[in-house]
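Colleague: Could you take me through this structure in a few questions?

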Amino acid sequence: MKALERIVLRHLRPLVSPNMDPLQFAYQPGIGVDDAIIYLLQRSLSHLEDAGNTGEAGESGGQCNQLAAWVTNYLTDRPQFVRLQDCVSDVVVCSTGAPQGTVLSPFLFTLYTSDFTYSTDSCHLQKFSDDTAIVGCVSEGNDCEYRKVIMDFVNWCELNHLQVNASKTKEMVIDFSRKPSSDIAPVNIQGLDIERVRTYKYLGVHLNNKLDWTDNTDSLYKKGQSRLYMLRRLGSFGVCRPLLRTFYETVVASVVSYAVVCWGGGCSERDKKRLNRLIKRASSVCGCPLDSIEVMGRGGLWPNCPPSWTTPPTLCIRLWGP
């Protein structure tokens, strides 16, 4: 079945690609988490430098009728049951959602959600699978566009049978002005005032309202410390150096260097030294030199330049849980 799905996907992708949301970063060839985070930060910093003007949003179209009919047949009247050893449950026919663990499901989900897109100079909506972030520039207290996009998105989700988890939705306000505005009212969704937070974990990276990487470094350091303990235990059992190096690269380094191309260049020297000390301790256990944070992030570092402005506007980022 998966082989057949791959054949269908090979024909389906080029037909619908022009209609896909360009700000959907999941399940796309050649892009991923790093691209989503860098794009969000780049747009955020550009808003803080210049409020910008409002433009027009794009629209999406239809798909090939034959493939659409095949996909409809594929998704409807699916029999499902659960087997546990010799026990088998009753068969239930399902015609909603997409089957998990299949080749087509991730692509079909992004296609289903591509109808709602929004991107102007002052506000945009970006997705990573079912994680959605809305970034809006609030200049001189005018947040009408920002709030309208939020309400339109919530209404679109309700019309398309997608449930918004308001309890997991958070808002982070970034305001570097000398007198930060305190009269920005929270948005109410489904009768719930959205919680305003100082820091938020977006796609595994901790962002804060100062746009520095202190909280992210603290998280990486704690994770690295706990996994370094396991590396030391393996070393105490006399595990050979090649296996220790493999364990370090797959278990420790994968955590310490997660999304390093996003935060490597903007990380403070103090935070870099903390992580490099951890790497140095791992190097002594492995008995071989290991790449530093600077080497890991070389080739795609985030520029360490503070934004410049005369009268900085306020930036609102609303992050939606799955």
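Colleague: Is Tyr74 buried or exposed, and with what relative accessible area?

Modeller: This is a predicted model, in which local features need pLDDT of at least 70, side-chain atom pairs count only at pLDDT 80 or more, and totals for chains, interfaces and linings use all residues. Residues are numbered from 1 along each chain as its sequence is written, and side-chain values use heavy atoms, with hydrogens and water left out. Buried means under 20% relative accessible area, exposed over 50% and partly exposed in between, with a 1.4 Å probe and protein chains only. Tyr74 is therefore buried, its relative accessible area being 11%.

Colleague: Which residues are buried in helix α3, and which are exposed on its other side?

Modeller: Helices are DSSP runs (H or I, at least four residues), as are strands (E, at least two), numbered from the N terminus. In α3, residues 65-75, the buried ones are Leu67, Val71 and Tyr74. They fall within an arc of 55° seen down the axis, taken from the directions from the helix axis to the C-beta atoms, so they line one face of the helix. On the other side, the exposed residues are Asn65, Gln66 and Asn73.

Colleague: What do the buried residues of α3 pack against?

Modeller: Contact means heavy atoms within 4.5 Å. The buried residues of α3 pack against α1 (2-16), β1 (78-80) and α4 (104-112).

Colleague: Which residues does Ile293 touch, leaving out those up to four places away in sequence?

Modeller: Ile293 lies in helix α10, residues 293-296, and counts as buried at 2% relative accessibility. With that exclusion, Ile293 touches Val256, Val260, Trp263, Leu275, Asn276 and Ile279.
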